[in-house]
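Visitor: Please show me the structure. I would like to ask what each label rests on.

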Amino acid sequence: MEKRVTFKGIWLPFVLVMPQIVITAVFFFYPAGQAIWQSLFIPDPFGLSMQYVGLGNFTFLLGDPFYRASFVTTAVFSTLVTLVSMGVALYLAVLADRLIKSSGTYRTLLIWPYAVAPAVAGVLWLFMFNTRVGVVAWYLGQLGYDWNHVLNDGEAMGLVVVASAWGRISYNFLFFLAGLQAIPRSLIESAAIEGARFWTRFRTIVFPLLSPMTFFLLVVNVVYAFFETFGVIHTITSGGPQQATTILVYKVFSDGFVGQDLGSSAAQSVILLFVVSILTIIQFKYIERRVHY
């Protein structure tokens, strides 16, 4: 018999959810409303006057080739970060799940990078690949490869992708490992007795059972790549060279805080929120259909 909790009156449920409603209103709805309001104006850098332009900021942005190029850069960057972080994390989780001796030590070491802030991770990778004092850049030079992410677009994109994915692998590893350990061993042992090899068992049994976890991590990692990688890009490339690593969230910062174009920056934040919302809706509407709960 199913037991349900009932409340006498509406005040107790309202009081229980009130803290979350207040936090959401203060830290999400109010800033979002302010951004939408400011996107309709062109304020001066000191905030002393504002000129109403309606949708002029949006029209200008959609006609700006540099802003349109940032969409392509963001798509490439977020796709690579998501695939690299989730792929490596799944591989490490499979290895850790099969490990018998010293498994706790390996799991602890693999979790540590998650404690490193994105900006700190960017500084660490910048030191390693610095064209003058970086140890990795020096070894590459010894092998005859002239590493210079300051001038090379592809090297700059590769470096920020690796640095951003490195800090996210630990987060994905925790969830994948928990999902692997939740799979009944009897299913895998039965398939092994039937003669199915490891990769066959993984493709037909393990990975389909991990689909809810994979879908959740896909949504979370896409949002991470769009927003939380700002610190990595700012410390390593500052959006360069030639805006090759300027993603949408970094262009909001560069135009608003550096260029002091607050109206355009607000309009960009509105567009960014709209794009992420559409991507999330598409993921839940189409990709979730392939998830086996």
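The dialogue below sets values against definitions.

Visitor: What kind of model is this, and how are residues numbered?

Guide: This is a predicted model: local features need pLDDT of at least 70, side-chain atom pairs count only at pLDDT 80 or more, and totals for chains, interfaces and linings use all residues. Residues are numbered from 1 along each chain as its sequence is written, and side-chain values use heavy atoms, with hydrogens and water left out.

Visitor: How many helices and strands does the protein have?

Guide: There are 13 helices and two strands. Both are DSSP runs, numbered from the N terminus: helices are H or I with at least four residues, strands are E with at least two. The C-alpha atoms fill a box of roughly 75 × 75 × 30 Å along the principal axes.

Visitor: Why is the pair Arg185 and Asp97 called a salt bridge?

Guide: The term asks for a side-chain nitrogen of Lys or Arg within 4 Å of a carboxyl oxygen of Asp or Glu. Arg185 and Asp97 come to 2.9 Å, N to O. That is within the cut-off, so the label holds. Side chains of opposite charge can pair when their charged atoms come close.

Visitor: Which parts does the Arg185 and Asp97 pair tie together?

Guide: Arg185 lies in helix H8 (residues 185–193) and Asp97 in helix H3 (residues 65–98), so the pair ties together parts 88 residues apart in sequence.

Visitor: What makes Asp97 buried and Arg185 partly exposed?

Guide: Buried means under 20% relative accessible area, exposed over 50%, and partly exposed in between, with a 1.4 Å probe and protein chains only. Asp97 has 17%, so Asp97 counts as buried. Arg185 has 39%, so Arg185 counts as partly exposed.

Visitor: How many salt bridges does the structure hold?

Guide: Two. One of them joins Asp255 and Lys251 at 3.4 Å, N to O. Asp255 and Lys251 are four residues apart in helix H12 (residues 248–258), so about one helical turn separates them. Lys251 is buried, because its relative accessibility is 5%.

Visitor: What does Thr246 touch?

Guide: Contact means heavy atoms within 4.5 Å. Leaving aside neighbours within four places in sequence, Thr246 is in contact with Ser70, Thr73, Gly239 and Lys251. Thr246 is found in the loop between H11 and H12. Its relative accessibility is 6%, so Thr246 counts as buried. Thr246 and Leu262 are 16 residues apart in sequence and 18 Å apart in space, C-alpha to C-alpha.

Visitor: What else is found in the loop between H11 and H12?

Guide: Pro241 is found there, and helix H11 spans 230–236. A cis peptide bond joins Gly240 and Pro241, with omega about -5 degrees. Ser238 is also in this loop. Phi of Ser238 is near 55 degrees, a positive value in a residue other than glycine. Gln243 lies in the loop too. Gln243 is not a glycine either, yet has a positive phi of about 60 degrees.

Visitor: Are Ser238 and Gln243 buried or partly exposed?

Guide: Ser238 is partly exposed, with a relative accessible area of 43%. Gln243 is partly exposed, at 36%.

Visitor: How do you know that Phe202 is buried?

Guide: The relative accessibility of Phe202 is 13%, so Phe202 counts as buried. Phe202 is found in helix H9 (residues 198–209). Not counting residues up to four places away in sequence, Phe202 touches Leu90, Val94, Phe207 and Pro208. The C-alpha atoms of Phe202 and Ile188 are separated by 8.8 Å, at 14 residues apart along the chain.

Visitor: What makes the nonpolar surface patch?

Guide: Patches are made of residues with over 30% relative accessible area and no salt bridge; like charges are joined within 9 Å, nonpolar side chains (Val, Leu, Ile, Met, Phe, Trp, Tyr) within 5 Å. The patch here covers about 860 Å², with Ile10, Trp11, Leu12, Phe14, Val15, Leu16, Val17 and Ile21. Phe14 is in helix H1 (residues 11–38). Phe14 is partly exposed, with a relative accessible area of 40%.

Visitor: What share of the 293 residues is buried?

Guide: Buried residues make up 37%. Among contacts between residues at least 6 apart in sequence, 68% join residues at least 24 apart.

Methods
Accessible areas come from the Shrake-Rupley method with a 1.4 Å probe; for residues, only the protein chains shown count as cover.
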